[in-house]
Amino acid sequence: MISRILCLQLTLIVCYSSAVADSSRRVLPRVPKGFPIPAIPMDAPLTPEKVRLGRYLFYDKRMSVNGAASCATCHCRELAFTDGRGRARGATGELHPRSAMTLVNVAWNRVFNWADPSIHSLEEQALKPMMATNPVELGYSAIERSFLETTRADPIYRALFPAAFPGDPHPWTTANVAKALADFERTIVSGSSPWDRFHFEGEESAISEAAKRGEVLFFLDGGPSCFRCHGGFNFSDAASSSEGARTSRSPFHNTGLYNLAGQFSYPAGGRGLYEFSKRAQDVGSFKVPTLRNIAVTAPYMHDGSAVNLSEVLDHYASGGRTIVTGPSAGVGHDNPLKDSLIHGFRMTARNKADLIAFLESLTDEYLLGSPELADPWGSSPTASTPDSHSATIGGSTRRP
Ligand code: HEC
Ligand code: HEC
């Protein structure tokens, strides 16, 4: 029995990792070693045509109210699909209260955004930046009709929409825009970092001795204990199939970043899960972000308030951040809602350098330069066919 299950699993892994389209044009994304198979909604099979359409949309500034921004403005490939800002800036210049998140491995997410339990899929998530008015991100709601008319007339979209939604007589809809964007995002896969090569391909020298020591600290229970929240293949308990998902432990935690005086210990716009639940105990609880490519996604935390990894580590080592002056002053260590795993630990300069070396070993340079995730509008839009794209699905497929 066990061998039959193993055999079935192996068959699944083989067919998923070969990234081929079956007769119904459904594409199975590349699943890196050590990753489980992602849960792709059965009613929305991934197809190369939808992924291709989604990629054009992701980079199309005509989706914004003033032609100034696309999804890629806040989610740049070279920065692991973040924007380098502390707080994201919308098409009209309005500041978002939170930082743009990385999009790597979002196909495996079980919760979305920094702390939004109301979103259940990437399709639903895509509509948020499109429709949001406070603040405006793309401002798509104001130009929805004219954009859909544009897509009907545009020579590229005129072909891409019907190809992506065969059998749909009127495919030029906002719901289909969101579906295509979601499928493109599912191909942003990061699993080829030096750390992966060290662990899964036996490349002893892929990571430094310092990174190896840092990894030991990362997994040290009672010490840094990082893995207790940033565990599993995606270094986040907010990924499906993670330890957290199996034990149904909440993926939202308060790390003691703030401890403001008054009713709320976190600043407005950054109260985390509380903003949805309105339960006092949820103030300051945020989703555990992935640590893959963390070295290129500064500044850190939901509001970009930690400038570099050194500041993040100081925060954890002291069991919560102390802010001495200004409107955010307070001793995070004493925040009564802080997760008990943020207990602080002794960190020497060498420990810190080792932990940083470990975090740096999670940068996947194949992803950051991946041609199949690049802006397709720059080159001739007809240069790559849907078929050639299907063969390279998955952001960080290693080239021979
Ligand atoms: C103005 C900058 C901005 C634009 C434009 C933007 N985003 Fe985002 N994105 C953000 C911010 C900020 C967050 C975190 C949102 C929150 O916590 O409320 C985010 C979060 C996300 C997430 C959640 C990731 C996770 O791990 O849960 C996804 C997916 C995403 N964006 C996709 C998109 C798509 C698709 C588009 C285009 C339709 C887009 N974004 C446009 C700034 C932006
Ligand atoms: C109790 C669970 C928990 C533990 C333990 C924990 N983290 Fe975190 N981590 C989080 C949460 C939640 C956030 C987001 C917090 C926020 O933005 O307010 C986060 C954010 C981060 C960030 C910033 C990510 C980004 O995209 O901005 C880094 C880096 C990080 N953690 C590294 C570590 C390291 C290294 C350790 C061990 C020393 C550690 N974490 C221990 C839960 C945890």
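The model is predicted: local features need pLDDT of at least 70, side-chain atom pairs count only at pLDDT 80 or more, and totals for chains, interfaces and linings use all residues. Residues are numbered from 1 along each chain as its sequence is written, while chains are lettered from A and ligands numbered from 1 in the order in which they are written.

**Exercise 1.** Describe the shell around ligand 2.

Solution. 
- Step 1: A residue belongs to the shell if its C-beta atom, placed from the backbone, lies within 6 Å of the ligand.
- Step 2: 25 residues surround ligand 2, and C226, C229, Y300, M301 and H302 are the closest.
- Step 3: Sorted by class, they are 17 nonpolar, six polar and two charged residues. Here Ala, Val, Leu, Ile, Met, Phe, Trp, Tyr, Cys and Pro count as nonpolar, Asp, Glu, Lys and Arg as charged, and the others, Gly among them, as polar.

**Exercise 2.** Describe the shell around ligand 1 and find which element gives it the largest share.

Solution. 
- Step 1: There are 29 residues around ligand 1, of which C71, C74, N113, W114 and P129 come nearest.
- Step 2: Two or more residues each come from helix 3 (71-74), helix 4 (122-131) and helix 7 (174-186). Helices are DSSP runs of H or I with at least four residues, strands are E runs with at least two, and both are numbered from the N terminus.
- Step 3: Helix 4 gives the largest share, five residues.
- Step 4: By class, this shell holds 16 nonpolar, eight polar and five charged residues.

**Exercise 3.** Find how the buried residues of helix 4 are arranged.

Solution. 
- Step 1: A residue is buried if 20 or more other C-beta atoms, placed from the backbone, lie within 10 Å of its own, exposed if 12 or fewer, and partly exposed in between.
- Step 2: In helix 4 the buried residues are L122, E123, A126, P129 and M130.
- Step 3: Down the axis of helix 4, these residues fall within an arc of 120°, so they line one face of the helix. The arc is taken over the directions from the helix axis to the C-beta atoms.
- Step 4: An α-helix has 3.6 residues a turn, so residues three or four places apart point the same way.
- Step 5: The cover over the buried residues of helix 4 includes helix 3 and helix 7.

**Exercise 4.** Describe the largest nonpolar core.

Solution. 
- Step 1: A nonpolar core is a set of buried Ala, Val, Leu, Ile, Met, Phe, Trp, Tyr and Cys residues joined through C-beta atoms within 7 Å.
- Step 2: The largest one has 63 residues, and L53, L57, A180, L181 and I188 touch the most other members.
- Step 3: Helix 7 supplies the largest share of this core, six residues.
- Step 4: L57 touches M63, V177, A180 and L181, leaving aside residues up to four places away in sequence. Contact means C-beta atoms, placed from the backbone, within 7 Å.

Conventions: Two residues are in contact if their C-beta atoms, placed from the backbone, lie within 7 Å.
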